[in-house]
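Hello,

Here is the structure I promised to pass on. Please look it over first; my notes follow below.

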Amino acid sequence: MKVINQREFRNNSAAVMNAVEAGETYHVTRNGVEIAEIRPLPRRRRLTAEELVAKHRGLPQVDHSAMRQEANDFFGDDRVGDEDPWERHRG
């Protein structure tokens with residue numbers, strides 16, 4: 001960790017940001033008091049297709065009929081009809 005003052009950060013921001021990108025952490029001071037920490041964000045590795053498939057296989061199975069029944073119990077089964085209300089009617 002390096003300590004730099006506000007003026008140093010302002011005048012050398014490109015170099016400071018390059019160092020942060022490389023893994024360095026800075027504390028910025030104003031009038032001798034530390035006011036900020038500049039550090040790299042943790043980077044998450046992208047998963048491969050095989051890893052995604054393996055994660056997907058580990059998910060719990062969904063019982064769709066039980067899910068529909070639970071929704072009906074909660075919201076009620078007051079459907080108007082079998083027609084889709086969002087379907088366009090063509091004259």
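The chain has 4 helices and 3 strands. Both kinds of element are DSSP runs numbered from the N terminus: helices are H or I with at least four residues, strands are E with at least two. Starting at the N terminus, the order is β-α-α-β-β-α-α.

Two notes on the source. This is a predicted model, so local features need pLDDT of at least 70 and side-chain atom pairs count only at pLDDT 80 or more, while totals for chains, interfaces and linings use all residues. Residues are numbered from 1 along each chain as its sequence is written, and side-chain values use heavy atoms, with hydrogens and water left out.

Whole chain

Of the 91 residues, 11% count as buried. Buried means under 20% relative accessible area, exposed means over 50%, and partly exposed is in between (1.4 Å probe, protein chains only). The chain exposes about 9000 Å², and carbon and sulfur atoms supply 51% of that area. Areas come from the Shrake-Rupley method with a 1.4 Å probe; for residues, only the protein chains shown count as cover. Take the contacts (heavy atoms within 4.5 Å) with a separation of 6 or more: residues 24 or more positions apart account for 22% of them.

The 3 strands form an open sheet in the order 1-2-3, with mixed pairing. Strand 1 (2-5) and strand 3 (33-38) are the edge strands, each pairing on one side only. From one strand to the next, the twist averages 30°. That angle is taken between N-to-C directions and runs from 0 to 180 degrees; the axes are lines fitted to C-alpha atoms, for helices over the stretch in contact. Two strands pair if DSSP finds at least two bridges between them.

Strand 1 pairs with strand 2 in the parallel sense, over 4 bridges. Lys-2 has Tyr-26 of strand 2 as its bridge partner. Strand 2 and strand 3 run antiparallel and are joined by 5 bridges. Across that pairing, Val-28 stands opposite Ala-36 of strand 3. Their hairpin has 2 residues between the strands, and Asn-31 takes a positive phi near 55° there. Strand 2 has 4 of its 5 residues buried, so it is largely enclosed by the rest of the structure.

The core

Which residues make up the largest nonpolar core? There are 6: Ile-4, Val-16, Val-20, Tyr-26, Val-28 and Ile-38. Helix 2 (13-21) and strand 2 (26-30) are the elements that give two or more residues to this core. By definition, a nonpolar core is a set of buried Ala, Val, Leu, Ile, Met, Phe, Trp, Tyr and Cys residues joined through side-chain atoms within 4.5 Å. Val-16 is in contact with Ile-4, Phe-9 and Tyr-26, leaving aside neighbours within four places in sequence.

Thr-29 lies in strand 2. Is Thr-29 buried or exposed? Thr-29 is buried, because its relative accessible area is 11%. Neighbours within four places aside, Thr-29 is in contact with Val-3, Ile-4, Asn-5, Gln-6, Glu-34 and Ile-35. Of these, Glu-34 is the bridge partner of Thr-29 in strand 3.

Glu-8 belongs to helix 1 (residues 6-11). Glu-8 is partly exposed, at a relative accessible area of 36%. Glu-8 and Thr-29 are 21 residues apart along the chain, and their C-alpha atoms are separated by 9.6 Å.

Best regards
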